[in-house]
Amino acid sequence: MAEQKEHVGMNKTGVQMAPLQTKAMLDDDNIITRGTPGDETAMAQLRQSYIAEEDGLGSIPVPATMKGMVSMGVHMLKGDSPQILLDKMAERLAMERTATRLYDALLTKLDALGEGTLSITREQVASIRGDEARHALLMRDAIATMGGDPTAQTPSADLVGVEAMGLVQVLSDPRTSLAQSLHAILTAELSDGVGWETLIALASESGQDEMVEGFSDALLQERKHQAMIQTWYEEAVGLDSTASQAAAASTGQASTANTGTAMPDAGSAPGKHS
Ligand SMILES: [Fe+2]
Ligand SMILES: [Fe+2]
């Protein structure tokens with residue numbers, strides 16, 4: 001049975017709820033909501049003038065320590081762009097910290113609503129939450145190794161903070177169901193996977209082999225998180241395994257829902273950081 005709580009009720013947001021008023025509105029040539037003829041050129045021009053004046057989302061800080069300055073200087077001399085790697089590392093730190101908070105909120109929701117008929121367990125969610133917190137610490141240490149400041153908000157860290165605001169709102173809204181919360185977390189996990197892939201490629205280009213190893217372990221864990229969340233989400237909207245597998249087959253992707261196979265255990269994922 002689906003855990004989604006949407007029900008048929010007194011929703012009056014659509015025009016079909018007021019057919020007479022809708023007809024009157026459409027027949028009235030002077031109605032103010034119809035607006036005036038024209039296009040969005042003026043609005044686009046105004047936006048373009050602001051865009052032209054802006055200087056981006058801030059900057060990457062100059063290292064404040066001697067070690068940091070030397071490290072950045074050496075990398076620049078080698079033709080690398082350590083500032084881009086540091087910016088993307090700060091982005092990942094911001095996102096992993098937010099992910100930890102998203103899972104905290106999911107645990108609260110789970111405690112309040114219960115698992116219902118889903119295969120989700122509190123232990124599994126707590127285990128993923130632990131992975132996210134460890135990812136944040138891994139990134140904090142990696143930034144420090146590069147001589148960077150893990151507390152600095154770089155442009156990309158700022159960017160993902162704004163992007164994730166909607167996800168945090170969904171999880172912290174008392175009205176949202178488990179299915180809706182899982183949908184938001186799935187968005188975060190999908191973005192996380194791509195974020196780690198980019199970071200691994202950048203670290204690899206910079207010859208940071210040790211980092212690549214640690215980041216690759218984290219990516220493996222993210223993929224397991226995504227599979228678990230997708231499975232629980234599909235269960236929550238009442239998708240049965242046949243429908244899910246048919247949809248996956250039609251898009252050439254592996255199905256995750258109710259496959260009958262053992263759920264990946266995030267807590268025992270290989271390469272887990274302690
Ligand atoms: Fe993560
Ligand atoms: Fe994750």
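**Helix packing and the nonpolar core**

In the predicted model, helices H4 and H6 run roughly parallel to each other. Their axes cross at roughly 30 degrees and come within 7 Å; angles under 35 degrees count as roughly parallel, and the pair is therefore assigned to that class. The crossing in which H4 passes H6 is right-handed. On the H4 side, the contact is made by Asp87, Lys88, Ala90, Glu91, Leu93, Ala94 and Met95. H6 contributes Pro155, Ser156, Ala157, Leu159, Val160 and Gly161. Sorted by class, the residues of this contact comprise eight nonpolar, two polar and three charged.

H4 also packs against H7. The axes of H4 and H7 come within 9 Å, with a crossing angle of roughly 15 degrees, so this pair is likewise roughly parallel. The crossing of H4 and H7 is left-handed, whereas that of H4 and H6 is right-handed. Thr98, Arg101, Leu102, Ala105 and Leu106 of H4 meet Leu167, Val168, Leu171 and Ser172 of H7. Six nonpolar residues, two polar residues and one charged residue make up the contact of H4 with H7.

The H8 and H9 crossing is left-handed. By class, 19 nonpolar, seven polar and five charged residues form the contact of H8 with H9.

These helices belong to a protein with ten helices and zero strands, and its elements, read from the N terminus, run α-α-α-α-α-α-α-α-α-α. Of the 274 residues of the protein, 32% count as buried. Among contacts with a separation of 6 or more, 76% are between residues 24 or more positions apart.

The largest nonpolar core has 46 residues. The members that touch the most other members are Met89, Leu93, Leu102, Leu106, Ile143, Leu182 and Trp232. Two or more residues are given to this core by each of H4 (82-113), H5 (122-145), H6 (155-163), H7 (165-172), H8 (178-205) and H9 (209-236). H4 gives the most, with 13 residues. Leu93, listed among those core residues, is also part of the contact of H4 with H6. Leu102 and Leu106, listed there too, take part in the contact of H4 with H7. Leu182, another of the listed core residues, is in contact with Ile229, Trp232, Tyr233 and Ala236, leaving aside neighbours within four places in sequence.

Asp131 lies in helix H5 and has 24 C-beta neighbours inside 10 Å; because 20 or more define a buried residue, Asp131 counts as buried. Asp131 and Gln221 are 90 residues apart in sequence, with their C-alpha atoms 7.5 Å apart.

Glu6 is located in the segment before helix H1 (19-27). With 10 C-beta neighbours inside 10 Å, against a limit of 12 or fewer for an exposed residue, Glu6 is therefore classed as exposed. Glu6 and Ser177 are separated by 171 residues in sequence, and the C-alpha to C-alpha distance is 8.8 Å.

Notes:
Residues numbered from 1 in each chain as written. Chains lettered and ligands numbered in written order. Predicted model: local features only at pLDDT ≥ 70, side-chain atom pairs only at ≥ 80, totals over all residues. Core = buried A, V, L, I, M, F, W, Y, C linked by C-beta atoms within 7 Å. Helix = DSSP H or I, 4+ residues; strand = E, 2+ residues; numbered from the N terminus. Contact = placed C-beta atoms within 7 Å. Axes fitted to C-alpha atoms, helices over the stretch in contact; angles between N-to-C directions. Parallel < 35°, antiparallel > 145°, perpendicular 65-115°, else oblique. Left-handed = near helix turned anticlockwise from the far one by under 90°. Nonpolar A, V, L, I, M, F, W, Y, C, P; charged D, E, K, R; others polar.
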